[in-house]
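Here are my notes on this one, as numbered points. Have the model open while you read.

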Amino acid sequence: MARQKGLMKYVGTIGDVRHFKIKGQEGFFAGMVGGPTAEQVNNAPEFERTRENMNEFGGCAIAGKAVRTALSQLMGKFTDTQVTGRLTSIMKKINLEDGMEARGYRKVEISTQRNYLNGFEFNKNQSINGVFNAPYQVNHDPARNTADFIVEEFIPIELIAAPAGASHFRLLHALAVIADFSYNPITGTYEPDDAVNNELSVVARSPFIPLNESYSGDTITADLPGLPTLDNTVSVLQCIGIEFFQEVNGVYYPFATGNCLKIEEVF
């Protein structure tokens, strides 16, 4: 695919070349017009591998969307513009690990490949490890429906890289239940193995904490609603994050930048 570097900036088709933008990337791109018809892709024997890849890619997109839906109240403020594609890419890696199902129908078995999601940063341009350096630990109960984010005493101005103008911050602790996904030949799509608990989530936040004062530490506990019974077809994403505010006359105004969210553990 060609990339346009000149002064002309337009989208559309000229002759056999089409010009377009790609979300999240600078500049304009060009590619040849044409390719196989939808009829060929859907039915021709030579496109069987393409159909297999499309089917599995659709399943990976569904699994990635489940993560975004479960954490929907945190999307946007804590994510970059390419988080959808990055999550789908991880789900595809998980999908390729399935050695049991036929190609084109392989599962997205997150429960056996949780390491792929460990450490995932929802904003690749803003790592929490580069912003929040205070001592902490996380844990969870054996039933996996409650967990703790334990932060020790520290001096925020020394261990937090806050954006200019911020006066306060909040720490957040989120749990999200994500099921394994399997292809359903009846519906012709990928569906969660545990539809009841899939996308179940909770977000707990600390109080507003001043950046210019010593912080005594705290335990931020997150409890999944209803304390569900979780089987081995689901995984729990334990996320930690930090968000910044400016306090003016007792009102806390949120910052659009500097906020971070990370999958700390998957269990």
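1. Surface patch. Val248, Val251 and Tyr253 make up a nonpolar patch on the surface, with about 240 Å² of accessible area together. For the terms: patches take residues with over 30% relative accessible area and no salt bridge, joining like charges within 9 Å and nonpolar side chains (Val, Leu, Ile, Met, Phe, Trp, Tyr) within 5 Å; areas are Shrake-Rupley with a 1.4 Å probe, and for residues only the protein chains shown count as cover. Val251 sits in strand β14 (residues 251-254) and is partly exposed at 38% relative accessible area. Buried means under 20%, exposed over 50%, and partly exposed in between.

2. Ground rules. This is a predicted model, where local features need pLDDT of at least 70 and side-chain atom pairs pLDDT 80 or more, while totals for chains, interfaces and linings use all residues. Numbering runs from 1 along each chain as its sequence is written, and side-chain values use heavy atoms, leaving out hydrogens and water.

3. Salt bridges. There are ten in the structure, each a side-chain nitrogen of Lys or Arg within 4 Å of a carboxyl oxygen of Asp or Glu. Arg106 pairs with Glu56, closest N and O atoms 2.8 Å apart. Arg106 is in the loop between α3 and β5 and Glu56 in helix α2 (residues 48-70), so this pair ties together parts 50 residues apart in sequence. Both Arg106 and Glu56 are buried.

4. Lys107 bridges to Asp193 at 3.1 Å between the closest N and O atoms. Lys107 counts as buried at 17% relative accessibility, while Asp193, at 33%, counts as partly exposed.

5. A network. Which residues are linked in a network of salt bridges? Lys77, Arg170, Arg205 and Glu243. Within it, Arg205 meets Glu243 at 2.8 Å, N to O. Arg205 lies in strand β10 and Glu243 in strand β13 (residues 234-248), so the pair joins parts 38 residues apart in sequence. Glu243 is buried at 1% relative accessible area; Arg205 is partly exposed at 30%.

6. Sheet. Three strands form an open sheet in the order β5-β6-β12, with antiparallel pairing. Strands here are DSSP E runs of at least two residues, helices H or I runs of at least four, numbered from the N terminus; pairing takes at least two DSSP bridges. β5 (136-140) and β12 (218-223) are at the edges with a single partner strand each, so one side of each has no neighbour in the sheet. Strand β6 (residues 146-151) and β12 share six bridges, and Ala147 has Ala222 as its bridge partner in β12.

Note on methods:
Buried means under 20% relative accessible area, exposed over 50%, partly exposed in between (1.4 Å probe, protein chains only).
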